[in-house]
Amino acid sequence: EAERQRQEQVRREAEQREAERREADRQLQLQRQREEEARRLSEAEALRQQEEAIRREAEERRRREAEALRQEEQRIREQAQREQEQRRAEQARQDTEAVASMEQIIFNMISRQWTRPPGISEDLEARVQVHLLGSGEVSHLSVTRSSGNAAFDRSALQAVERAAPFPLLQLEPRQRDAFRVVDLIFTPEDLSQ
């Protein structure tokens with residue numbers, strides 16, 4: 001009986017050791033699994049952080065490129081605007097010169113055709129309005145303020161009629177617009193606008 005109990009005790013101890021060994025193996029396996037999971041999570045987190053850094057870097061690069069593109073477009077717009085303003089200023093200067101030159105030509109043409117009536121006083125002044133076509137021909141002519149001397153007023157109208165047509169076709173269409181209506185002032189000594 002004692003031998004049987006001893007053998008039973010040995011068997012129980014062996015089973016206990018086997019159970020403890022199996023538990024130790026199971027705990028070791030669990031520890032390894034936890035370590036492997038932690039390693040995978042750590043690697044996944046490192047990969048996620050790396051991907052996030054790459055994404056942020058790519059976004060920053062795109063932002064810088066977009067900003068550089070925006071600044072370049074702004075520079076181009078400003079340059080184009082400056083060039084356009086320079087062209088406008090140059091065109092305005094040319095228009096002013098062309099209009100002033102044509103005014104002088106018209107005044108000279110009328111002055112050469114104007115024959116002042118004899119015996120007129122020096123204080124006369126007649127205002128004449130001339131409507132011109134784009135071709136330089138007179139479409140309408142009138143005295144807007146009489147000098148009080150019919151012969152003087154008539155001589156002014158005749159001077160314009162004899163001088164016409166005026167060489168407006170030498171001008172650009174936009175420059176001709178300045179000559180659609182021309183107001184002239186005739187005085188015995190001079191002609192002015």
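This is a predicted model: local features need pLDDT of at least 70, side-chain atom pairs count only at pLDDT 80 or more; totals for chains, interfaces and linings use all residues.
Trp-114 counts as buried, with a relative accessibility of 5%.

A search of the whole structure finds two aromatic pairs. Trp-114 takes part in one with Phe-152 and in another with Phe-186. Their geometry is as follows.

| Pair | Ring centres | Angle between planes | Class |
|---|---|---|---|
| Trp-114 and Phe-152 | 5.7 Å | 70° | edge-to-face |
| Trp-114 and Phe-186 | 4.9 Å | 80° | edge-to-face |

Both count as edge-to-face because the cut-off for that class is over 60 degrees between planes. Trp-114 lies in the loop between α1 and β1, and Phe-152 in helix α2 (residues 150–163), so this pair ties together parts that are 38 residues apart in sequence. Phe-186 belongs to strand β3 (residues 181–187), so its pair with Trp-114 ties together parts that are 72 residues apart in sequence. Phe-152 has a relative accessible area of 0% and is therefore buried; Phe-186 is buried as well. Ring pairs link Trp-114, Phe-152 and Phe-186 into a cluster.

Strand β1 (residues 126–132) pairs with strand β2 (residues 138–145) in the antiparallel sense, over six bridges. Within this pairing, His-131 stands opposite His-140 in β2. The two strands, β1 and β2, form a hairpin with five residues between them. In the turn, Gly-136 has a positive phi of about 100°.

Helix α1 (residues 2–113) contains Gln-27. This residue, Gln-27, counts as partly exposed because its relative accessibility is 34%. Gln-27 and Gln-129 are 102 residues apart along the chain, and their C-alpha atoms are separated by 115 Å.

Note on methods
Residues are numbered from 1 along each chain as its sequence is written. Side-chain values use heavy atoms; hydrogens and water are left out. Helices (H or I, at least four residues) and strands (E, at least two) are DSSP runs, numbered from the N terminus. Buried means under 20% relative accessible area, exposed over 50%, partly exposed in between (1.4 Å probe, protein chains only). Two strands pair if DSSP finds at least two bridges between them. Rings of Phe, Tyr and Trp (its six-membered ring) pair if their centres lie within 6.5 Å; planes under 30 degrees apart count as stacked, over 60 as edge-to-face and the rest as tilted.
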